[in-house]
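Me: I would like a close look at a single part of this model, followed by what surrounds it. Please keep to what can be computed from the atoms.

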Amino acid sequence: MNEIECRIIDRLTELFSFVQIDDLQFEVEKKDLIEATAISVTGERTCMIKAEVRETNRSIYIPNMLLPHEMRGLGLGMRMLWLIFLTAEHYGYSLYLTMLTDSFKQRMLGRGALPAAEHDVLQIVKTTNLYSKDDPNNHLYMGVRL
């Protein structure tokens with residue numbers, strides 16, 4: 001595992017340490033890709049986000065995001081993207097979203113993500129609005145530095 005992967009895991013782990021949702025625990029680890037998983041008390045596992053770091057072209061690809069019902073509407077999806085983008089930018093990497101549903105693609109275009117050269121791929125850039133007014137932890141992240 002390289003330094004940027006370790007930093008992404010650290011940032012996501014820190015984020016989930018602030019999340020207080022009854023009956024959910026979180027795990028962030030590197031398998032083939034970096035994966036953040038929500039685990040219910042029944043043992044059901046939901047992979048919330050995957051991230052692939054490619055050193056060859058200094059890019060990070062996020063092929064899917066899926067939040068458990070209990071986590072929707074809290075701004076956590078945008079917060080995960082923001083933390084990964086901040087880390088990517090720090091290391092001189094680009095961040096891309098792939099395998100997008102039409103509705104998510106439209107929402108991210110509305111937030112300022114840019115279409116990439118590949119079909120159905122969006123790039124997250126500095127001007128992409130990853131802020132969520134619904135995130136109860138916004139105050140914890142204002143001015144965060146890596």
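At what angle do helix α1 and helix α2 pack, and how far apart are their axes?

Reply: The model is predicted, so local features are reported only at pLDDT of at least 70 and side-chain atom pairs only at pLDDT 80 or more, while totals for chains, interfaces and linings use all residues. Residues are numbered from 1 along each chain as its sequence is written, and side-chain values use heavy atoms, with hydrogens and water left out.

Helix α1 covers residues 3-18 and helix α2 residues 76-90; they pack at about 150°, and their axes are 10 Å apart. This makes α1 roughly antiparallel to α2 (angles under 35 degrees count as roughly parallel, over 145 as roughly antiparallel, 65 to 115 as roughly perpendicular and the rest as oblique). The axes are lines fitted to C-alpha atoms, for helices over the stretch in contact, and angles run from 0 to 180 degrees between N-to-C directions. Helices (H or I, at least four residues) and strands (E, at least two) are DSSP runs, numbered from the N terminus.

The crossing of α1 and α2 is right-handed, a term for the near helix being turned clockwise from the far one by less than a right angle, with anticlockwise giving left-handed. On the α1 side the contact is made by Ile 4, Arg 7, Ile 8, Arg 11, Leu 12, Leu 15 and Phe 16. On the α2 side Leu 76, Arg 79, Met 80, Leu 83, Ile 84, Thr 87 and Ala 88 take part (contact means heavy atoms within 4.5 Å). By class, the residues of this contact comprise 10 nonpolar, 1 polar and 3 charged; Ala, Val, Leu, Ile, Met, Phe, Trp, Tyr, Cys and Pro count as nonpolar, Asp, Glu, Lys and Arg as charged, and the others, Gly among them, as polar.

The side chains of Glu 89 and Lys 126 meet at 3.6 Å, N to O (a salt bridge is a side-chain nitrogen of Lys or Arg within 4 Å of a carboxyl oxygen of Asp or Glu). Glu 89 lies in α2 and Lys 126 in the loop between β7 (122-124) and α4 (138-141), so the pair ties together parts that are 37 residues apart in sequence. Glu 89 is partly exposed at 32% relative accessible area, and Lys 126 is exposed at 68%; buried means under 20%, exposed over 50%, and partly exposed in between (1.4 Å probe, protein chains only).

The structure holds 7 salt bridges. Among them, Glu 29 pairs with Lys 31, the closest N and O atoms being 3.4 Å apart. Glu 29 is partly exposed at 26%, as is Lys 31 at 44%.

Phi of Asp 23 is near 70°, a positive value in a residue other than glycine. Most residues other than glycine have a negative phi. Asp 120 also has a positive phi, near 60°; Asp 120 lies in the loop between β6 (114-115) and β7 and is partly exposed at 26%.

Asp 120 is touched by Thr 98, whose other contacts are Tyr 61, Ile 62, Pro 63 and Val 121, not counting residues up to four places away in sequence. Thr 98 sits in the loop between β5 (94-97) and α3 (102-110) and is buried, with a relative accessible area of 14%.
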